[in-house]
Amino acid sequence: MAKQANAGELRTLVRFRRVIKESDEEGCPRMREEPVFLDGQGRERPVHCKWVNAHGTEVFTAMQLKVRQPATLTMRYSPLITPALRVYKGSAPVPYEVVSVDDVEDRHRWLEVTVERKAAAR
């Protein structure tokens, strides 16, 4: 797994969203998503990262832990990234869950974010 990336490797656009839990007028819970990064006009802004899918022995480890489609993102540091967020790769409609966030060497330069594909409950 990369602990840093060259600028040319940050090719994948991802969107981070936080889940807001609310209840409607009848008291029924509902959830909505709110973008984390916004541009000057208040629109959602994607973030560039290096996306590496699990391969080699990581795949077998993930299968043992029953992790679904793991991947590692290397991106520039932001204090807004937390494990409570959802990640959308490109324009994909199905989100990934953030498993862990690592501030590489506590330097506030790079983040290594481990994600897994979100699946419906059984």
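1. How many salt bridges does the count come to? The count comes to 11 salt bridges, and it should be read with the caution that this is a predicted model.

2. One of the salt bridges joins R15 to E44, where the closest N and O atoms are 4.0 Å apart. R15 belongs to strand β1 whereas E44 is in the loop between β2 and β3, so this pair ties together parts that are 29 residues apart in sequence. The two partners are also described by their accessibility: R15 is buried, because its relative accessible area of 16% falls under 20%, while E44, with a relative accessible area of 26%, is partly exposed.

3. E34 takes part in a salt bridge with R18, with an N to O distance of 3.1 Å. This pair links distant parts of the chain, with R18 in strand β1 and E34 in strand β2, 16 residues apart. The side chain of E34 also meets that of R32 in a salt bridge, at 3.7 Å from N to O. As for accessibility, R18 counts as partly exposed at 27%, E34 is partly exposed with a relative accessible area of 29%, and R32 counts as partly exposed at 37%.

4. Turning to the aromatic side chains, a search of the whole structure finds 2 aromatic pairs. In one of them, the ring centres of F16 and F37 are 6.1 Å apart and the planes stand at 70°, so the pair is edge-to-face. The pair links distant parts of the chain, with F16 in strand β1 (residues 12-23) and F37, 21 residues apart from it, in the loop between β2 (29-35) and β3 (47-53). F16 and F37 are buried.

5. W51 and Y96 also form an aromatic pair, and because their planes are at 75°, with the ring centres 5.0 Å apart, this pair is edge-to-face. W51 is found in strand β3 and Y96 in strand β6 (residues 96-103), so the contact ties together parts that are 45 residues apart in sequence. Both W51 and Y96 are buried.

6. Are the cysteines C28 and C49 buried or partly exposed? C28 is partly exposed, with a relative accessible area of 38%, whereas C49 is buried, with a relative accessible area of 0%. As a reminder, a disulfide is a covalent bond between the sulfur atoms of two cysteines. The structure holds 0 disulfides.

Methods. Residues numbered from 1 in each chain as written. Predicted model: local features only at pLDDT ≥ 70, side-chain atom pairs only at ≥ 80, totals over all residues. Heavy atoms only, no water. Phe/Tyr/Trp six-rings, centres within 6.5 Å; stacked < 30°, edge-to-face > 60°. Helix = DSSP H or I, 4+ residues; strand = E, 2+ residues; numbered from the N terminus. Buried < 20%, exposed > 50% of the residue type's maximum accessible area, 1.4 Å probe, protein only. Disulfide = S-S within 2.5 Å.
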